[in-house]
Amino acid sequence: MTEVPPAPAVTVLGEAVVDLVQAPDGRFTAHPGGSPLNVAVGLARLGVPTTLLARFSTSRFGRRLRAHAERNGVDLHHAVDTDDPATLAVASLSEAGVATYDFYVEGTADWQWRDDELTPALTGRGIVHTGSLAVFRSPGADRVAAALRTARQRGALVSVDPNIRAGLVGTVAEARARTEQLVRLAHLVKASEEDVDWLYPGRSVTDVLRHWRELGVTLAVVTLGGDGAVAVSGTREFRQPAPVVDVVDTIGAGDAFTAGLLAGLSGRATCWPDEEIATALRYAVEVAAVTCTRAGADPPRRDELPERPDGPLTAL
């Protein structure tokens, strides 16, 4: 009988995507990507026990994605192998290193979840994180939301990053309704300023953060690119500037931030002290900044960072 590993500190649920990044000379380079895969790898490199619940294509691209996760110490005990094709994201970079994407998603592996594929890893222990296309794309998105509801009911801390991809998540109204459904299920929500601008045109970031708090989330965070991040918890607002770095590209920076944030928060579920939130935000922007100095989604390892959180993330 196969030995089942102990419950991880973090279970990441969602897609693993191949990023085809176009260089200035027009050639493309394939990088492992997809927000959930990036977060899982980022956490593992920071020393956090992490499992990835993903659907891996058995194609050459899918095998490359699986190997990337394994090579970085991510537990794939509950990952699913499928003959469905891998999802592709074709990235073009601006002069500032900011990526825009074209996605090839129809019929690909990442959205075909069955209930029995989702339930084994949702033990009610530790943290369950998800986001991006996995929480929007049918037919799997409703099953993912149901799994989050079950995980929370069983006692897990639920973390969500909507990571909006316009054109693939329905209309603004549909995506906003889906996002708010997820916010109601989550203890922690992290989004980007671009997400907020698209979901809530004309509303300030702080206004949206407080709206999400009213929907029940414990800690709401928005990244501001080179300006760092802002967060709201209870009646407190936190702001953390970002270090100045030479940017190669911004691919995976938001996911690296999420990994740093989760790594910096202990398993206190719905009660983080202010000092711990501030420390975790500082750590998260450091992790994201290092990632911006590298090509593709290539987050740092713990010993590469100038500052570390005071203690390790612990299981709930």
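Helix α1 is followed by Gly47, whose phi is positive, near 90°. The structure is a predicted model, in which local features need pLDDT of at least 70, side-chain atom pairs count only at pLDDT 80 or more, and totals for chains, interfaces and linings use all residues. Residues are numbered from 1 along each chain as its sequence is written, and side-chain values use heavy atoms, with hydrogens and water left out. Helices (H or I, at least four residues) and strands (E, at least two) are DSSP runs numbered from the N terminus.

- Helix α1 (residues 35-45) is mostly covered, as 11 of its 11 residues are buried; buried means under 20% relative accessible area, exposed over 50%, and partly exposed in between, with a 1.4 Å probe and protein chains only.
- The buried residues of α1 include Ser35, Asn38 and Arg45.
- Helix α1 packs against helix α2 (residues 60-71) at an angle of about 25°, and the two axes are 9 Å apart; axes are lines fitted to C-alpha atoms, for helices over the stretch in contact, and angles run from 0 to 180 degrees between N-to-C directions.
- This makes α1 roughly parallel to α2, given that angles under 35 degrees count as roughly parallel, over 145 as roughly antiparallel, 65 to 115 as roughly perpendicular and the rest as oblique.
- Leu37, Val41 and Arg45 of α1 meet Leu65, His68 and Ala69 of α2 in this contact, where contact means heavy atoms within 4.5 Å.
- By class, the contact has 4 nonpolar, 1 polar and 1 charged residues; Ala, Val, Leu, Ile, Met, Phe, Trp, Tyr, Cys and Pro count as nonpolar, Asp, Glu, Lys and Arg as charged, and the others, Gly among them, as polar.
- An α-helix has 3.6 residues a turn, so residues three or four places apart point the same way.

**The open sheet**

- An open sheet of 8 strands has the order β4-β1-β9-β10-β11-β12-β13-β14, with mixed pairing; two strands pair if DSSP finds at least two bridges between them.
- Because β4 (50-53) and β14 (236-240) stand at the edges with a single partner strand each, one side of each is left without a neighbour in the sheet.
- Direction ignored, neighbouring strands of this sheet are turned by 15° against each other on average.
- Strand β13 (residues 229-233) pairs with β14 in the antiparallel sense over 5 bridges, and Ser233 stands opposite Arg236 in β14.
- Strands β10 and β11 pair in the parallel sense over 2 bridges, with Ser159 opposite Leu188 in β11.
- In β11, 5 of its 5 residues are buried.
- Leu188, Lys190 and Ser192 lie on one side of β11 and Val189 and Ala191 on the other, and both faces are covered.
- In a regular strand the side chains alternate between the two faces of the sheet.

**Helices α8 and α9**

- Helix α8 (residues 253-264) lies across β9 (127-131), β10 (157-161), β11 (188-192), β12 (219-223) and β13, and runs at about 155° to β11.
- Leu281 lies in helix α9 (residues 274-292) and is buried, with a relative accessible area of 2%.
- Not counting residues up to four places away in sequence, Leu281 touches Val221, Ala231, Phe238, Gln240, Phe257 and Leu261.
- The C-alpha atoms of Leu281 and Leu261 are separated by 6.0 Å, although these residues are 20 residues apart along the chain.

**Salt bridges**

- The count comes to 17 salt bridges, a salt bridge being a side-chain nitrogen of Lys or Arg within 4 Å of a carboxyl oxygen of Asp or Glu.
- Glu106 and Arg137 form a salt bridge at 3.2 Å, N to O.
- This pair links distant parts of the chain, 31 residues apart: Glu106 is in the loop between β8 and α3, and Arg137 is in the loop between β9 and α4 (141-153).
- Glu106 is exposed at 64% relative accessible area, whereas Arg137 is buried at 14%.
- Arg114 and Glu117 form a salt bridge, their closest N and O atoms being 3.3 Å apart.
- Glu117 is buried at 7% relative accessibility, while Arg114 is partly exposed at 45%.
- A network of salt bridges links Arg55, Asp84, Arg114, Asp116 and Glu117.
- Arg294 and Asp298 meet in a salt bridge at 3.8 Å, N to O, and Asp298 is partly exposed at 26% relative accessible area.

**Thr108**

- Thr108 is found in the loop between β8 (99-104) and α3 (115-118) and is buried, with a relative accessible area of 4%.
- Not counting residues up to four places away in sequence, Thr108 touches Asp84, Pro85, Ala86 and Thr87.
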